[in-house]
Amino acid sequence: MRCAYLIKHNVSLYNKQYKYKPTNEEIKEISGNIARFPRTLSVKQLAREVIYGKAYCLAQFYPQLRKNENWQGQSIFALDFDSGIAFDAILRRCNEYRQYPYYAYKTNNRTEERTRFRIWFQTKEPISSLDT
C-alpha cells in the first residue's frame, strides 16, 4: 500500500499567491479562471501551496471552465466548518467513525470568537462519476 501523502491528485490550483483573503472581485476572477490551471499534486504538495496562499479547487475540469458539466472527477473532498463545533470535537467524531482527515487548517476569515477551519478527506480511488 502506498503512503497516503505520496498519492497524487488531480486538482486546479490558481497561479497567484494571496497573503490575505481575496476580495469579492478577486474571488470572481479566481472562480472564472481556476480550471485553466490543472495540477497533479500529493496532499503534502497541495497543502504547501495552500499555506503559501494559493486558491484551489479539488477537481479538474474539461474543457477548462469551472462548470458542473465539465467536472472530470476528484479524489480529495473538503468540509468547511464556520461555526457551531470545535475542531477537537470534529477530530473526535472522525476517530469515532474511522474517517481520518488527511489535512486540516484554519481559514483566513477566522476570528478569536469564531474559529473557522477546513478538513480534507482523501478517497482510495478517484471519483469520476456523479453516480458513484
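A residue is called buried when its relative accessible area is under 20%, exposed when over 50%, and partly exposed in between (1.4 Å probe, protein chains only). By this rule, 36% of the 132 residues of the protein chain count as buried. The model is predicted: local features need pLDDT of at least 70, side-chain atom pairs count only at pLDDT 80 or more, and totals for chains, interfaces and linings use all residues. Residues are numbered from 1 along each chain as its sequence is written, and side-chain values use heavy atoms, with hydrogens and water left out.

**Overall form**

- The protein chain contains three helices and seven strands; helices (H or I, at least four residues) and strands (E, at least two) are DSSP runs, numbered from the N terminus.
- In sequence order, these elements give the pattern β-α-β-α-β-β-β-α-β-β.
- The C-alpha trace spans about 40 × 40 × 25 Å along its principal axes.
- Of the contacts between residues at least 6 apart in sequence, 66% join residues at least 24 apart, where contact means heavy atoms within 4.5 Å.

**The four-stranded sheet**

- An open sheet is formed by four strands in the order E4-E5-E7-E6, with antiparallel pairing; two strands pair if DSSP finds at least two bridges between them.
- Strand E4 (60–61) and E6 stand at the edges with a single partner strand each, so one side of each is left without a neighbour in the sheet.
- Strand E5 (residues 71–81) pairs with strand E7 (residues 117–127) in the antiparallel sense over seven bridges, and Phe 77 stands opposite Phe 121 in E7.
- Strand E6 (residues 103–106) also pairs with E7 in the antiparallel sense, over four bridges.
- Lys 106 stands opposite Phe 117 in E7, while Tyr 103 has Trp 120 in E7 as its bridge partner.

**Two polar residues in strands**

- Asn 10 lies in strand E1 (residues 8–17) and is partly exposed, with a relative accessible area of 38%.
- The side chains of Asn 10 and Thr 40 are joined by a polar contact of 2.8 Å; such a contact is a pair of N or O atoms within 3.5 Å, where within protein one must be able to donate a hydrogen and the other to accept it, and residues adjacent in sequence count only if both atoms are side-chain atoms.
- Leaving aside neighbours within four places in sequence, Asn 10 is in contact with Arg 39, Thr 40, Leu 58, Ala 59 and Gln 60.
- The C-alpha atoms of Asn 10 and Pro 126 are separated by 8.8 Å, although these residues are 116 residues apart along the chain.
- Gln 74 belongs to strand E5 and is buried at 15% relative accessibility.
- The side chain of Gln 74 reaches the backbone oxygen of Ile 76 at 2.9 Å.
- Not counting residues up to four places away in sequence, Gln 74 touches Leu 58, Ala 59, Thr 123, Pro 126 and Ile 127.

**Cysteines**

- Cys 57 is buried at 10% relative accessible area, and Cys 94 is buried at 8% relative accessibility.
- The structure holds zero disulfides, a disulfide being a pair of cysteine sulfur atoms within 2.5 Å.
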